[in-house]
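Open the model in your viewer and keep the sequence beside it. This tour goes from one selection to the next and says what is there.

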Amino acid sequence: MSDDHEDEHASPEREAFNHDPVEHATVSAGMSVADLADEYGNAGIGAADIAEAIDVTGEAFSREETTVFFGLAGAMVPAGMRAIVSDLIREGHIDALVTTGANLTHDAIEAIGGKHHHGTAEHGELTEREYDEQLRDEEVDRIYNVYLPQEHFALFEEHLRAEVFPEVGEEVVSIAEFTRELGRANAEVNDREDIDEDAGIAAAAYENDVPVYAPAIQDSVLGLQAWLRSQVTGFSLDALKDMSPLNDLAYEADSTAAFVVGGGVPKNYVLQTMLVTPDAYDYAVQLTMDPPQTGGLSGATLNEARSWGKLKKDARNVSVYADATITLPLVVAGALDRAE
């Protein structure tokens, strides 16, 4: 009776369903990141996305002919992700960096001796407003659970006036030319003052001839200082001047990959590069927390970018929807294992 009942409801289109079964991830002491990545790959949902991101990134990193465009948005430097990006630059895994003026500001602060500090997002018996008003009185800026004393901004501004602006001169330069001078100054001061911290992202880019683009640079302390300088000298920034070298890099590449952390302007700037080339990205990985349902670019899927011609039809791509301070170290570590 039961056998007849099962036969009655069985699908006539297939004999058995045995496609790629989900396995149960196992973990143990002493596992390598590569081992953990394999376990993520056995599982489903977000774990499977992480595993695929590691695989795609590892393949892109392992191909010398692949030009990697790296987008970095969000508070990734204050959050402690600075060394990961500078190491990728030094190891030859980033060919062009698109980031924010804010990340470059915080990167320079660390290069010249400033530090970000562990704080808290909790406010105890105070209301959140009262808590932040107290921090204001104490001259401490809060980035969620990271603190930065305001005197570091004063040191940064002096760094620009003494080490960067005199070298740039009273000319109209591209943003990439300006960030290159910032990287040079960061490296020189870091070495001269024997700072007990790595010289950082802009310095690594300068030393390895990797262009750094910050198309919305005016939305930062770095941009504000550049604007103030432009009010009293002939110095200014020409954003359009960056477009030709960036687009030339994409046009001349044999293969291309987009690795995007966060959204906003850096993400769009990386992806739109392919709109003026005859080709499109071969690989694309994005790490974001923004949902795609709002229609905003920050959460838009990379499949959506394919409809614009920014990705090839057969491009390998994956989006990981989770906190990038968690996913970036994991994906990069796993990808470096894969690349080797």
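How much space lies in the largest pocket? About 710 Å³. The model is predicted, so to speak of local features a pLDDT of at least 70 is needed, side-chain atom pairs count only at pLDDT 80 or more, and totals for chains, interfaces and linings use all residues. Residues are numbered from 1 along each chain as its sequence is written, and side-chain values use heavy atoms, with hydrogens and water left out.

**Stop 1: the largest pocket**

Select Ala75, Met76, Pro78, Ala79 and Thr325, which of the 34 lining residues are the closest to the centre of the largest pocket. Then colour helix H4 (82-90), strand E3 (117-118), strand E10 and helix H14 (324-339), the elements that give two or more residues to this lining. Helices (H or I, at least four residues) and strands (E, at least two) are DSSP runs, numbered from the N terminus. By class, the lining holds 15 nonpolar, 12 polar and seven charged residues. Here Ala, Val, Leu, Ile, Met, Phe, Trp, Tyr, Cys and Pro count as nonpolar, Asp, Glu, Lys and Arg as charged, and the others, Gly among them, as polar.

On a 1 Å grid over the protein atoms alone, a pocket is an open set of points with protein on both sides within 12 Å along at least five of seven lines, while a cavity is a set of points where a 1.4 Å probe fits but cannot get out; lining residues have an atom within 4 Å of a point. Grid points are joined across faces, edges and corners, and a volume is the space filled by probe spheres set on the points.

**Stop 2: the second largest pocket**

Next, select Ile112, Leu155, Glu158, His159, Ala162, Glu163, Val189, Arg192, Glu193 and Ile195, which line the second largest pocket. Helix H7 (151-168) and helix H8 (175-192) each give two or more residues to this lining, and the largest share, five residues, comes from H7. About 150 Å³ of space lies in this pocket. Its lining divides into five nonpolar, one polar and four charged residues.

From H7, move to glycine 169, in the loop between H7 and strand E6 (172-174). Is glycine 169 buried or partly exposed? At 22% relative accessibility, glycine 169 counts as partly exposed; buried means under 20% relative accessible area, exposed over 50%, and partly exposed in between (1.4 Å probe, protein chains only). Draw a C-alpha to C-alpha distance from glycine 169 to valine 331: the two are 41 Å apart in space and 162 residues apart in sequence.

**Stop 3: the sheet**

Show the six strands that form an open sheet, in the order E7-E2-E1-E9-E10-E11, with parallel pairing. Strand E7 (212-213) and E11 stand at the edges with a single partner strand each, so one side of each has no neighbour in the sheet. Two strands pair if DSSP finds at least two bridges between them.

Now select strand E9 (residues 255-261). Seven of its seven residues are buried, so E9 is largely enclosed by the rest of the structure. Ser255, Ala257, Phe259 and Val261 point one way from E9, and Thr256, Ala258 and Val260 the other way. In a regular strand, side chains alternate between the two faces of the sheet.

Look at the partners of E9. Strand E1 (residues 66-72) runs parallel to E9 and is joined to it by seven bridges; phenylalanine 69 has alanine 258 as its bridge partner. Five bridges pair E9 with strand E10 (residues 281-288), also in the parallel sense. There, valine 260 has glutamine 286 as its bridge partner, and valine 261 stands opposite leucine 287.

Stay on glutamine 286. Its side chain makes a polar contact with the side chain of serine 319 (3.0 Å), a polar contact being a pair of N or O atoms within 3.5 Å; within protein, one must be able to donate a hydrogen and the other to accept it, and residues adjacent in sequence count only if both atoms are side-chain atoms. Serine 319 is in strand E11 (residues 311-321) and counts as buried, at 12% relative accessibility.

**Stop 4: the largest cavity**

Last, select Val56, Thr57, Ala60, Phe61, Val68, Ala257, Ala258, Phe259, Tyr283, Ala284 and Val285, which line the largest cavity. Its volume is about 60 Å³. Helix H3 (46-62) gives the most to this lining, with four residues. The lining has 10 nonpolar, one polar and no charged residues.
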